[in-house]
Amino acid sequence: MNLLTVNPTAFKLFGIEIQWYAIIIVSAIILVSWLASREAVRVGLREDDVVDLMLWALPIAIVGARLYYVIFEWEYYMQNPGEILAIRNGGLAIYGGLIAGGIVVYFFTRHRFISTWKFLDVAAPSVILAQGIGRWGNFMNHEAFGKVVSLEFLESLHLPNFIIENMYINGKYRQPTFLYESVWNVLGFILLIILRRRPNFLKEGELALIYVAWYSFGRFFIEGMRTDSLMIGDVLRVSQLLSALLFIGAIGLMIYRRKQANIPFYDRTKGNLKKA
């Protein structure tokens with residue numbers, strides 16, 4: 001094995017293999033929960049609101065991500081029902097997790113008498129950052145890669161050698177689509193942070209809608225490069241279809257809500273935490 005080829009298993013603890021994927025995902029969750037908690041305080045919410053939501057949203061999002069994947073791979077799981085719960089073997093779809101998580105946010109905020117749009121605005125930058133970090137879990141697992149390319153193509157991207165060597169999968173070099181999406185998501189995080197710092201610039205809900213538009217726009221094109229897409233038939237990629245619908249919906253809803261005079265601006269002055 002090439003010394004630069006990563007092992008998906010980080011270490012063993014009491015005979016149990018601890019995967020890099022799990023370490024990266026848990027680390028991302030801890031980081032973004034802290035960031036979202038701080039922002040919640042800035043906009044007049046409680047830090048506990050974020051913590052309490054995470055306790056509900058995380059397990060339900062995992063179930064949603066798995067259910068979404070199983071539905072679109074039902075032909076396989078119908079023949080192998082014992083594999084449905086075997087998430088250690090892979091098979092979590094981010095869109096399923098986001099949909100399930102969004103439903104939890106809606107009911108949670110209704111129960112707490114919190115503005116759903118404000119809460120989504122608080123969460124949006126943290127969510128896209130978590131997605132950007134989480135894609136490196138795919139890198140460690142040698143998954144979410146693209147079509148066959150040449151070594152010369154990867155070298156032309158000026159990538160570090162450890163990325164190039166780990167894109168040598170099943171005897172061929174592959175498009176590092178995990179990296180494209182990770183970079184796109186981190187850029188989206190930076191954009192959202194910049195926009196939310198501008199006073200009286202965005203109305204409540206627009207930060208969340210920009211997140212949806214940004215992520216879905218990038219995902220549409222990156223998904224077209226991947227070789228492991230969930231499909232409807234033989235030609236229609238599920239994530240591309242959903243990305244197109246979400247992008248159009250987010251832009252349309254943002255235009256509609258911008259014209260509504262009764263929607264307040266996103267206000268970071270209601271809390272007692274200094275801006276950052």
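1. Two strands count as paired if DSSP finds at least two bridges between them. Strand 4 and strand 5 (residues 172–174) pair in the antiparallel sense, over 2 bridges. Ile169 stands opposite Lys172 of strand 5. Bear in mind that this is a predicted model.

2. In general, strands of a sheet pair through backbone hydrogen bonds.

3. Now the hairpin. Strand 1 (residues 9–13) and strand 2 (residues 16–19) run antiparallel and are joined by 4 bridges. Leu13 has Ile16 in strand 2 as its bridge partner. The hairpin has 2 residues between the strands. Phe14 takes a positive phi near 55 degrees there.

4. Next, the whole protein. Its secondary structure comes to 10 helices and 7 strands. The radius of gyration is 20 Å, close to the 19 Å that the globule rule gives for 276 residues, so the protein is as compact as a globular protein of that length. The C-alpha trace spans about 60 × 45 × 40 Å along its principal axes.

5. Take the contacts between residues at least 6 apart in sequence: 73% of them join residues at least 24 apart.

6. Last, surface and charge. The accessible surface comes to about 15300 Å², and 66% of this belongs to carbon and sulfur atoms. There are 27 positive and 21 negative side chains. The centres of the two sets lie 9 Å apart.

Key:
Residues are numbered from 1 along each chain as its sequence is written. This is a predicted model: local features need pLDDT of at least 70, side-chain atom pairs count only at pLDDT 80 or more; totals for chains, interfaces and linings use all residues. Side-chain values use heavy atoms; hydrogens and water are left out. The radius of gyration is taken over C-alpha atoms; the globule rule is 2.2 Å times the number of residues to the power 0.38. Contact means heavy atoms within 4.5 Å. Accessible areas come from the Shrake-Rupley method with a 1.4 Å probe; for residues, only the protein chains shown count as cover. Lys and Arg count as positive and Asp and Glu as negative; His and the chain ends are not counted. The place of a charge is taken as NZ of Lys, CZ of Arg, CG of Asp or CD of Glu.
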